[in-house]
Amino acid sequence: MAEASRAIRASAVRLVLNRVAYGAVTLLLVSAVIFLITSWLPGDAAQELLGQSATPEAVAALREKLGLDRSPLARYGAWLRGLATGDLGVSLAANTPVADLVATRLPKSLLLAAVTAVVSVPIALTIGIVSAMWRGRRLDRSLNVATLSMVAVPEFLIATIAVLVFAVKLRWLPALSNAVDIGSASQFFRTYAMPVLTLCFVIVAQMARMTRAAVIDQLNASYVEMAVLKGARPAHVALRHALPNAIGPIANAVALSLSYLLGGVVIVESIFNYPGIASLMVDAVTNRDIPVVQACAMIFCFAYLLLVLVADLVAILSNPRLRHR
Amino acid sequence: MAQPHVQVTGLCVAARGPGGSEALIVRDVSFAIPKGQVLALIGESGSGKTTIALSLLGYARPGCRFAAGTVRIGSTDVLSLDDEELYRLRGGQVSYIAQSAAAAFNPMKTIMDQVVEGTAIHGTLTRSASETRAVELFRALALPDPEGIGSRYPHQVSGGQLQRLMAAMALITEPELVVLDEPTTALDVTTQIEVLRAFRHVVRERGTTAVYVSHDLAVVAQMADRIVVLSEGEVRESGATADILERPRHDYTRSLLAAARPKPRTTDEPREDTPLLEVRDLGAGYGRVGADGLPEIRVLDAIDLTIPRGATLGVIGESGCGKTTLARVVAGLVPAARGEVRFDGEPLPTNLHQRTKEQFRRIQIVFQNADTVLNPAHTIRSILERPLAFYRGVTGEAAGRRVAELLDLVKLPGSLADRRPAELSGGQKQRVNLARALAAEPDLILCDEVTSALDTVVGAAILDLLAELRRSLGVSYLFISHDISTVRAVCDDILVLYAGRKVESGSRSALAAPPYHPYADLLIASVPELRTGWLEGLPPRVTIPIAETHAAQPAGLCPFLDRCPLRVPGLCDRLAPPRQRFPSGKEVLCHREGEDLARHQLNTAITT
Ligand SMILES: Nc1ncnc2c1ncn2[C@@H]1O[C@H](COP(=O)(O)OP(=O)(O)O)[C@@H](O)[C@H]1O
Ligand code: SF4
Ligand SMILES: [Mg+2]
């Protein structure tokens with residue numbers, strides 16, 4: 001018996017390690033793609049830095065200093081080594097280590113994402129579960145129309161409307177959220193309300209729709225009918241029976257939506273001038289600041305893979321058939 | 001007579017069809033059950049049995065509604081209850097045992113959580129009191145490890161055990177009425193009998209009133225006091241069990257009874273003995289192939305068989321014993337790890353990539369579930385044209401003619417050619433499936449449980465068709481089934497498979513009388529007979545617990561060892577059993593001598 005349960009745990013561990021290994025390999029491939037694309041970006045950083053009037057000698061010298069004259073493969077190798085040791089290179093524009101730039105910006109982005117997730121996930125799950133429970137009824141139909149229209153509106157429009165209403169017309173909130181000196185809860189609220197609202201708008205709708213589909217899928221299963229025939233009330237059926245089975249698909253939906261957040265962050269940060277990692281990347285692209293672009297792209301991809309990995313692990317660990325094989 | 005405990009009067013249930021129009025799926029159904037009696041609802045799939053059974057819990061499936069009639073249980077008028085009263089009725093006063101326990105248990109929760117859920121919902125017992133009662137029920141239902149089994153998850157116990165666990169789940173609130181919906185249909189016969197015994201025991205002992213839904217008359221004969229025969233949502237006939245079985249009045253009841261006693265469809269006339277298919281010492285399985293050349297998961301071991309040209313070999317055994325794997329190896333879908341397969345005198349490559357198209361053409365396989373094989377997006381015509389073009393190079397007008405011929409061969413109207421699979425009934429789909437195999441003009445057709453998903457009457461028609469095709473086309477069959485009476489009806493020779501080993505083989509007549517291999521004996525003795533009192537008359541099954549498993553068990557021991565009531569301690573658990581040939585011509589894999597076996601099996605002669 002003990003031996004059997006050890007074997008079971010070993011198989012779950014192997015499954016988990018498998019996923020982690022897949023994630024690592026994917027990340028490596030992604031790094032190659034990022035490197036390839038960024039080295040093909042039009043323009044030359046040395047030229048860009050020195051301006052159009054620079055002498056060819058000066059450009060050549062700078063190229064050598066930046067390592068731009070070496071073969072792409074050698075540069076990729078050096079870059080990878082740097083990544084592994086946390087050395088992200090030096091920003092061409094700011095002439096400071098990329099790691100320092102990231103260190104000032106990343107926590108701000110993470111905070112924005114975390115606040116958004118904390119607000120949106122519970123709302124979305126509640127909407128999804130409630131509309132699944134009342135599927136086909138009026139409440140479900142209204143929520144359905146609401147979430148559909150929320151998905152359809154692009155976030156730059158929502159952000160613009162939010163600014164027009166809350167900042168320009170009502171003057172409740174500042175139009176920009178530069179997140180300097182946040183001392184009190186009210187300041188925190190004033191800074192984050194609009195970006196978070198904008199980001200939540202779209203992902204709540206997405207997550208709610210996917211949660212609804214996942215829960216309905218389970219509500220059609222035989223064991224749910226069985227629970228109904230045991231006299232269970234609708235809330236008990238949905239929360240105790242259907243929901244645990246929907247955790248895998250819901251975790252995936254959440255991961256997918258939160259990774260969508262990564263894209264939304266780019267737009268929202270630039271509209272509200274929020275000093276996060278996305279606006280850092282946008283600036284870097286305009287300046288041809290390749291090391292920063294590369295580092296930011298890696299961070300985004302890493303975040304995406306991490307989300308998907310966590311969703312996978314949640315699905316594996318929540319499922320007794322995979323836990324106890 | 002006193003007021004009956006359950007009274008259904010004029011029940012009508014309406015369902016919305018695909019077009020949105022309502023139709024009655026249950027029409028004017030009435031019956032009554034005295035307290036403590038068991039009533040059976042019998043009929044084919046789609047006859048409305050489940051719909052009626054669920055009405056006893058005041059439940060209509062989504063899309064259905066109660067259109068008329070009353071359901072009374074004691075003094076409760078079930079169909080007029082409000083939601084709150086229904087929650088109290090369901091699982092409290094009336095409980096339900098579903099057809100597939102595997103689907104009806106929530107895979108995410110432990111068995112105990114689900115068994116005691118009813119008492120928690122109805123607040124009748126504390127958790128620890130209901131766990132104690134659950135363990136008592138587990139014991140009464142003869143479940144292994146009654147203390148520990150509750151902490152497992154549904155996927156960790158067998159189908160037969162789950163079905164009994166569901167009975168415990170239904171009985172824990174001590175309901176006055178239990179509704180059992182085809183509770184043993186998904187089980188093997190040898191398991192079914194234990195479950196039937198357990199159900200009968202607890203229902204009788206507690207004096208519970210019960211409704212038993214089934215399509216199997218022989219099972220119902222063991223369980224019910226009264227039978228209601230349904231078809232197309234209407235009551236055809238009802239009466240006491242013995243009356244319905246012995247003096248059926250309605251034609252429909254007679255056709256059900258006829259299909260339940262399959263008639264032989266094979267002749268005992270002498271036949272050619274040129275072997276078409278020969279399998280020698282076959283071993284096969286799945287998974288990675290190890291250093292010894294054997295696969296990780298071994299399914300079949302040391303299988304020998306021969307199918308003479310034009311003959312039918314039946315393979316019988318419980319689910320998971322390797323029947324389908326055997327068919328897949330012969331068809332070239334799974335490589336053989338060991339042994340030899342010869343077809344028409346030529347060795348068949350065991351590696352499928354080395355087989356020629358011609359070799360694939362001459363052996364066709366037909367599966368149980370036509371739905372998974374027939375592409376729902378294609379018309380019947382294009383489904384049949386594909387193998388015609390691939391194997392026979394027949395296209396265009398000639399293919400059109402051939403499609404018509406094939407449909408004619410399987411007795412389907414030619415107008416079906418332009419329909420899609422979803423528009424066909426189960427029996428029609430299985431005929432198309434057969435026509436698809438016939439398109440290749442094979443010499444051998446591997447039939448894997450081809451009638452198991454069908455109603456008895458529809459399945460009987462398919463068996464007739466197979467027999468006719470054999471006569472007119474001279475094809476041979478490898479006929480796989482878990483149902484011994486079906487196999488006996490269509491096969492010349494029979495092979496009994498247990499845990500991937502051939503435990504018994506011989507001609508149909510040799511397999512009709514003892515001595516049997518102890519597993520074959522158990523199998524035959526477990527098939528319910530179409531008479532009342534059969535189950536009660538059975539001797540209780542004895543299984544000696546295994547004394548001690550030896551640390552180093554020699555390989556090749558008897559596969560049936562731990563279930564065998566006749567095992568010889570010191571012999572069966574030490575030495576591999578020999579393959580004996582008895583005077584009747586049958587081969588048996590057992591240590592016991594023929595006379596010795598026969599002495600224990602006096603009662604197990606086959607009566608058809
Ligand atoms: N939810 C439903 N909506 C529409 N038709 C249904 C529904 N459930 C069952 N039916 C139809 O009602 C008939 C009886 O079904 P059922 O009670 O499940 O029969 P059985 O138990 O005998 O298999 C069938 O024709 C079936 O297709
Ligand atoms: S060999 Fe022994 S254990 Fe196996 S079937 Fe024969 S008597 Fe039973
Ligand atoms: Mg049914």
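**Ligand shell and chain contact in the predicted model**

The shell of residues around ligand 1 divides into 4 nonpolar, 6 polar and 4 charged members. These values, like those that follow, refer to a predicted model. In total, 14 residues surround ligand 1, and the closest of them are Gly46(B), Lys49(B), Thr50(B), Thr51(B) and Pro62(B). Two elements of secondary structure in chain B, strand E1 (6-16) and helix H1 (49-55), each supply at least two residues of this shell. Helix H1(B) provides the largest share, with 3 residues.

Polar atoms of chain B lie close to oxygen atoms of the ligand in several places. For the side chain of Lys49(B), an N or O atom is placed 2.8 Å from an oxygen atom of ligand 1. Lys49(B) is also one of the residues closest to the ligand. Backbone atoms take part as well: a polar backbone atom of Ser47(B) is 3.2 Å from an oxygen atom of ligand 1, and for a polar backbone atom of Gly48(B) the separation from an oxygen atom of the ligand is likewise 3.2 Å. Ligand 1 exposes 560 Å² when taken alone, and 66% of that area is buried by the protein.

The contact between the two protein chains was examined next. Chain A contributes 22 residues to this contact and chain B contributes 27 residues. Between them, an area of about 2,300 Å² is buried, with carbon and sulfur atoms giving 59% of the total. On the side of chain A, the residues that lose the most area to chain B are Met226(A), Leu229(A) and Lys230(A), which together account for 30% of what that side buries.

Charged and polar interactions also link the chains. The count of salt bridges between chain A and chain B is 3. In one salt bridge, Glu225(A) is joined to Arg61(B), with a distance of 2.9 Å between the closest N and O atoms. Polar contacts between chain A and chain B number 13 residue pairs, counted where both residues have pLDDT of 80 or more. The side of chain A that touches chain B draws at least two residues from each of three helices, namely H9 (222-229), H10 (234-272) and H13 (320-323). By class, this side of chain A comprises 8 nonpolar, 8 polar and 6 charged residues.

Definitions and conventions: Residues are numbered from 1 along each chain as its sequence is written. Chains are lettered from A and ligands numbered from 1 in the order in which they are written. This is a predicted model: local features need pLDDT of at least 70, side-chain atom pairs count only at pLDDT 80 or more; totals for chains, interfaces and linings use all residues. Side-chain values use heavy atoms; hydrogens and water are left out. Contact means heavy atoms within 4.5 Å. Buried area is the accessible area (1.4 Å probe) that two parts lose on being put together, summed over both. A salt bridge is a side-chain nitrogen of Lys or Arg within 4 Å of a carboxyl oxygen of Asp or Glu. A polar contact is a pair of N or O atoms within 3.5 Å; within protein, one must be able to donate a hydrogen and the other to accept it, and residues adjacent in sequence count only if both atoms are side-chain atoms. Helices (H or I, at least four residues) and strands (E, at least two) are DSSP runs, numbered from the N terminus. Ala, Val, Leu, Ile, Met, Phe, Trp, Tyr, Cys and Pro count as nonpolar, Asp, Glu, Lys and Arg as charged, and the others, Gly among them, as polar. A residue is near a molecule or strand if one of its heavy atoms lies within 4 Å of it. Accessible areas come from the Shrake-Rupley method with a 1.4 Å probe; for residues, only the protein chains shown count as cover.
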